[in-house]
Amino acid sequence: MRGRFVRMQDGEGDGDGGGRGTAVITKTKTKTKKPSLYRVLLLNDDYTPMEFVVHVLERFFQKDREAATRIMLHVHNHGVGECGVYTFEVAETKVSQVMDFARQHQHPLQCVMEKK
Ligand code: TYC
């Protein structure tokens, strides 16, 4: 979105000793850059229980049981699967939360992020 404003400089009575006012037209461009997006992925392994992965998807990615089960089975069958797409800091936080939670429960579950 563009904004525009006019500012008067050196106007009469500004204390600059008189002289005609000078109009300065300044164009501003509101920053509209969209943030880069990152996929958060779960990786398959042979040891993490399926039910734990479903729980992770419900707890950290706001999936209902049906969606969580579908994603978990996709990862189980294909080796990798998408949990969600987020801005950098949110994605980073999700990865840390999942990795900490898996470690606490001594499961080797791996969670990574990749730029879209
Ligand atoms: N392959 C695991 C099992 O058979 C289940 C699993 C699914 C593990 C998804 C990790 O990201 C994962 N118990």
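Analyst: The account below begins with the chain, turns to the ligand site, and ends with charged side chains.

This is a predicted model, in which local features need pLDDT of at least 70 and side-chain atom pairs count only at pLDDT 80 or more, while totals for chains, interfaces and linings use all residues. Residues are numbered from 1 along each chain as its sequence is written, and side-chain values use heavy atoms, with hydrogens and water left out.

The chain contains three helices and five strands, arranged along the sequence as β-β-β-α-α-β-α-β. Of the 116 residues in the chain, 28% are buried; buried means under 20% relative accessible area, exposed over 50%, and partly exposed in between, with a 1.4 Å probe and protein chains only.

Around the ligand lie L42, L43, N44, D45, T48, M50, V53, M72, V75, H76 and L109, a residue being counted when one of its heavy atoms lies within 4 Å. By class, this shell has seven nonpolar, three polar and one charged residues. Here Ala, Val, Leu, Ile, Met, Phe, Trp, Tyr, Cys and Pro count as nonpolar, Asp, Glu, Lys and Arg as charged, and the others, Gly among them, as polar. Strand 3 (37-43), helix 1 (50-61) and helix 2 (65-78) each provide at least two shell residues, and helix 2 has the largest share, with three residues.

Polar contacts are pairs of N or O atoms within 3.5 Å; within protein, one atom must be able to donate a hydrogen and the other to accept it, and residues adjacent in sequence count only if both atoms are side-chain atoms. A polar backbone atom of L43 is 2.9 Å from an oxygen atom of the ligand. A nitrogen atom of the ligand lies 2.7 Å from a backbone N or O atom of D45, and a ligand nitrogen is 2.9 Å from a side-chain N or O atom of H76. The protein covers 89% of the 350 Å² of accessible area that the ligand has on its own, as given by the Shrake-Rupley method with a 1.4 Å probe.

D45 sits in the loop between strand 3 and helix 1. The side chain of D45 reaches the backbone nitrogen of Y47 at 2.7 Å, and a polar atom of that side chain lies 2.6 Å from the backbone nitrogen of T48. D45 is buried but has no salt bridge, and the nearest side chain of opposite charge, R103, is 13 Å away. Lys and Arg count as positive and Asp and Glu as negative, with His and the chain ends not counted.

A salt bridge is a side-chain nitrogen of Lys or Arg within 4 Å of a carboxyl oxygen of Asp or Glu, and the whole structure has five. R65 in helix 2 and E51 in helix 1, 14 residues apart, meet in one of 3.2 Å, N to O. R65 also forms a salt bridge with E58 at 3.1 Å. R39, E82 and E114 are linked in a network of salt bridges.

Conventions
Helices (H or I, at least four residues) and strands (E, at least two) are DSSP runs, numbered from the N terminus.
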